[in-house]
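This briefing covers a single protein chain.

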Amino acid sequence: MPRFFATLLLCFVLLPFAACDSNSDGDGNGNGNGNGGSTIGSSNVTVSGAFSDSFSGNAAFGVGEDGSSFSLALFEGNLTAGGTTSGGLVGIGRNEGRPGEGTFQITASGSAMDFAAAYISDFSNTTGGMFVGSATGTLTITSSTSGRVAGSFTFTGQAASTSGPLGEVTVQGTFTADLASTIPSTGFP
């Protein structure tokens, strides 16, 4: 289970700073996604319930170098290869490799095949923003290749801020995520 949460943590920490890896993608920027070094993927996210929010932005995914993990990150605004982000962020991950097409469960706890999901209202201000975790819902993958994953999701969880609990929130959205990086698989139990 610790590795499962480490995978999700990588959505929030590793992907914004490791948008380039050493893989060649034919466009010279080395990030492996073949998009010519422009912004990475696209996403639309809506939050409703105890508070409301929405954003459009980028989407990127990473896979474990040994194929044992998958992390999807949806960022508010524009994240360019090698850049950082601020604003809203959704992270979805699991302790298995890149999923094929289909519908998958998002659960607060469960088997390694289940996905975990979380939302942060402002990635640049994690102490003053709102956080939604311990979520349940579904992730639907409509297209899955080694360089791009597309689909939709919806999950419901308890929102909290530094002021305390805020109540139940539903986060939903769509994405077309480009490969951002290979995630190192060493160092996690």
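Where is the place of Asp-114? Asp-114 sits in the loop between strand 5 (102–106) and strand 6 (116–120); helices (H or I, at least four residues) and strands (E, at least two) are DSSP runs, numbered from the N terminus. The model is predicted: local features need pLDDT of at least 70 and side-chain atom pairs count only at pLDDT 80 or more, while totals for chains, interfaces and linings use all residues. Residues are numbered from 1 along each chain as its sequence is written, and side-chain values use heavy atoms, with hydrogens and water left out.

**Overall make-up**

- The protein chain has one helix and nine strands, in the order α-β-β-β-β-β-β-β-β-β from the N terminus.
- Of the 189 residues in the protein chain, 50% are buried; buried means under 20% relative accessible area, exposed over 50%, and partly exposed in between (1.4 Å probe, protein chains only).
- Among contacts (heavy atoms within 4.5 Å) with a separation of 6 or more, 61% are between residues 24 or more positions apart.

- Strand 1 (residues 42–49) and strand 2 run antiparallel and are joined by five bridges; two strands pair if DSSP finds at least two bridges between them.
- These two strands, strand 1 and strand 2, form a hairpin with three residues between them, and Ser-43 has Gly-57 of strand 2 as its bridge partner.
- Strand 2 is also antiparallel to strand 3 (residues 70–76), with seven bridges joining them; here Gly-62 stands opposite Ser-71 of strand 3.
- The hairpin of strand 2 and strand 3 has five residues between the strands, and Gly-67 takes a positive phi near 75° in it.
- Strand 2 (residues 53–64) is largely enclosed by the rest of the structure, because nine of its 12 residues are buried.

**Val-45**

- Val-45 belongs to strand 1 and is buried, at 2% relative accessible area.
- The C-alpha atoms of Val-45 and Ser-56 are separated by 6.3 Å, with the two residues 11 apart along the chain.
- Beyond its neighbours within four places in sequence, Val-45 is in contact with residues including Leu-74, Val-90, Phe-153 and Val-171.

**Nonpolar cores**

- The largest nonpolar core has 30 residues, and those with the most contacts inside it are Val-90, Tyr-119, Phe-153, Phe-155, Val-171 and Phe-175; a nonpolar core is a set of buried Ala, Val, Leu, Ile, Met, Phe, Trp, Tyr and Cys residues joined through side-chain atoms within 4.5 Å.
- Strand 9 (residues 164–183) gives the most to this core, with five residues.
- Another core, of six residues, lies apart from it, with Ala-60, Ala-73, Phe-75 and Leu-89 among them.

**Charged residues**

- The count comes to one salt bridge, a salt bridge being a side-chain nitrogen of Lys or Arg within 4 Å of a carboxyl oxygen of Asp or Glu.
- Arg-148 forms a salt bridge with Asp-178, the closest N and O atoms being 2.7 Å apart.
- Arg-148 lies in strand 8 (residues 148–161) and Asp-178 in strand 9, so the pair ties together parts 30 residues apart in sequence.
- Arg-148 is partly exposed at 38% relative accessibility, whereas Asp-178 is buried at 2% relative accessible area.
- Asp-114 is buried yet has no salt bridge, and Arg-94, the nearest side chain of opposite charge, is 7.9 Å away; Lys and Arg count as positive and Asp and Glu as negative, with His and the chain ends not counted.
- The side chains of Asp-114 and Thr-107 make a polar contact (3.3 Å), defined as a pair of N or O atoms within 3.5 Å; within protein, one must be able to donate a hydrogen and the other to accept it, and residues adjacent in sequence count only if both atoms are side-chain atoms.
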